[in-house]
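Thanks for coming. I have one structure to go through today, so please look at the screen.

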Amino acid sequence: MEYWLKISLLLCTFGFLRELRPSEPYVTEYLAGDYGNLTSEQVYQKVYPFGTYSVLAQLVIVFLITDLVRYKPVIVLSAVAGIVLFAMQIWCDTLGMLQVAQLFYGFFTAAEVAYYTYIYAKVDKERYQIVTGHTRAAILSGKFLGGLVAQILVSTDSMDYGELYYISLTTQIISLGVSLVLPSVPRSLYFYANDASPSPTPGGEEKVPQFSLKKACRLLWYHLVSSYSNRIVLQWSVWWALATCGQIQVISYIQFLWKEVAPEHQSVYNGGVEALATLLGAVGAIVAGMLNSNKRRSSYMLSNSICAAVLGGLLLYASQTTVLWVAYVNYVLFCAIFFFIITVAGAIVAENLVEDSFGLVFGINTLVGLMLQTILTIVVVEPDPGFGLGLRDQYLVNGGYFLCLGGIFGLWILIAKIRALCSKVE
């Protein structure tokens, strides 16, 4: 087996185990039920927002240090954070300790950037496309199997919600072992970057890059300016960040909506729904990846805007339904459509970037999306200083958000097309 393939297999094993968390589809059912003397309102208003703020704060730190420490230490620490997170959720049963656990959740989530960027520092550029597919497939496979296993175990009464956490804890422990055997990275994109023409040592081996803050800052600035001064990159990055903000808000609180709609407030099919949503989301991403999006950018912006409006309609319908299966189906459709349009946006951004700036731009776009989602959380979820809206009202806002997103960008493209036609006539 070739060396690059061994590394890809190791990293994908880590990613698969990291996402194989059968407890995830039933987090809300567990925390607001068997966990302790916590109500849905406490979890909804005092725990989940804390996790949102934790992810944002630590993403900034992780984003800055991942390249500096050369990826592997962050991957190892993310596995440790996962172990602590699930251990605390199993053996701690107070609101305060659950909020502390959200600190580890924040690092666990933020450190995903190291997983996605590690492989680019270990393989040649001609392998980038195939290893990107490997890492994405590993994540989606873990999520799909986690949801499927959870549904089978819950439906057959083999395990309750709390016992699913022991499986999640076990997979995180195994992932720690895998992360420890990942090869170290001698170079990085910025702080330990290769020279344009690296000179070999007398023995014929390439020199290990040396740490250079000056070179890192110069290269960061060059990538930042050259990327966002490109009108296409800027336009699609804004769309990408706004869409990501809405999607994170939707998936963060969807289990509360299911619990609200479900008979006797028991949503027992979450695992199967999450598995199906992951599968169709992957199909949507694959279909989008087969399109040549960059050649017909304006057409795809218009289609993305229409799809965003459809997502808004699905969320508005889900916010008013009293039938659990309607809410489930709407969520599955939401995921399938969203992963299609976000992949189109990502592909267009990537195709218009300067070399090696992919990680920086997508990191910044993600950070902006999380900042916007944090503001949305404060306004919609927090009772003070926000409005503290109920679950159904929150999803009314989410639906309106996507309708506005689709409407604004769709109108922008239509106006641009009309102006272009008028200029041709003149």
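Helix H3, residues 40-69, gives the most to the nonpolar patch, with six residues. This is a predicted model, so keep that in mind throughout. The patch covers about 660 Å² of surface and is made by Val60, Ile61, Leu64, Ile65, Leu68, Val69, Phe211 and Leu213. One of these, leucine 64, sits in helix H3. Leucine 64 has 55% relative accessibility and therefore counts as exposed, since the cut-off for exposed is over 50%. As a reminder, an α-helix has 3.6 residues a turn, so residues three or four places apart point the same way.

Next, a buried position in another helix. Threonine 374 belongs to helix H14, residues 358-380. Its relative accessibility is 8%, so threonine 374 counts as buried; the limit for that is under 20%. What does the side chain of threonine 374 reach? It reaches the backbone oxygen of leucine 370, at 2.8 Å. If we set aside residues up to four places away in sequence, threonine 374 touches Thr52, Tyr53 and Leu56.

Now two loop residues. Serine 23 lies in the loop between helix H1 (3-19) and helix H2 (27-34). Is serine 23 buried or exposed? With a relative accessible area of 1%, serine 23 is buried. Its side chain makes a polar contact with the side chain of serine 168, at 2.7 Å. Serine 168 is also among the residues that serine 23 touches, and the others are Phe86, Leu164 and Tyr165, again not counting residues up to four places away in sequence.

Leaving aside neighbours within four places in sequence, the contacts of valine 185 are Arg70, Tyr71, Tyr118, Ala121 and Lys122. How far is valine 185 from isoleucine 119, in sequence and in space? They are 66 residues apart in sequence, and 9.3 Å apart in space, C-alpha to C-alpha.

Last, a check on helix H5, residues 95-110. At 1.5 Å a residue, the 16 residues of H5 should span 22 Å, and the end C-alpha atoms are 23 Å apart, so the two values agree. The buried residues of H5 are Leu98, Ala101, Gln102, Gly106, Phe107, Phe108 and Ala110.

That is the end of my list. I'll take questions.

Note on methods. Residues numbered from 1 in each chain as written. Predicted model: local features only at pLDDT ≥ 70, side-chain atom pairs only at ≥ 80, totals over all residues. Heavy atoms only, no water. Helix = DSSP H or I, 4+ residues; strand = E, 2+ residues; numbered from the N terminus. Expected span 1.5 Å × (residues − 1). Buried < 20%, exposed > 50% of the residue type's maximum accessible area, 1.4 Å probe, protein only. Polar contact = N/O pair within 3.5 Å; in protein donor to acceptor, adjacent residues only side chain to side chain. Contact = heavy atoms within 4.5 Å. Patch = residues over 30% accessible without salt bridge, like charges linked within 9 Å, V, L, I, M, F, W, Y side chains within 5 Å. Areas by Shrake-Rupley, 256 points an atom, 1.4 Å probe, with all protein chains shown as cover. Salt bridge = Lys/Arg side-chain N within 4 Å of Asp/Glu carboxyl O.
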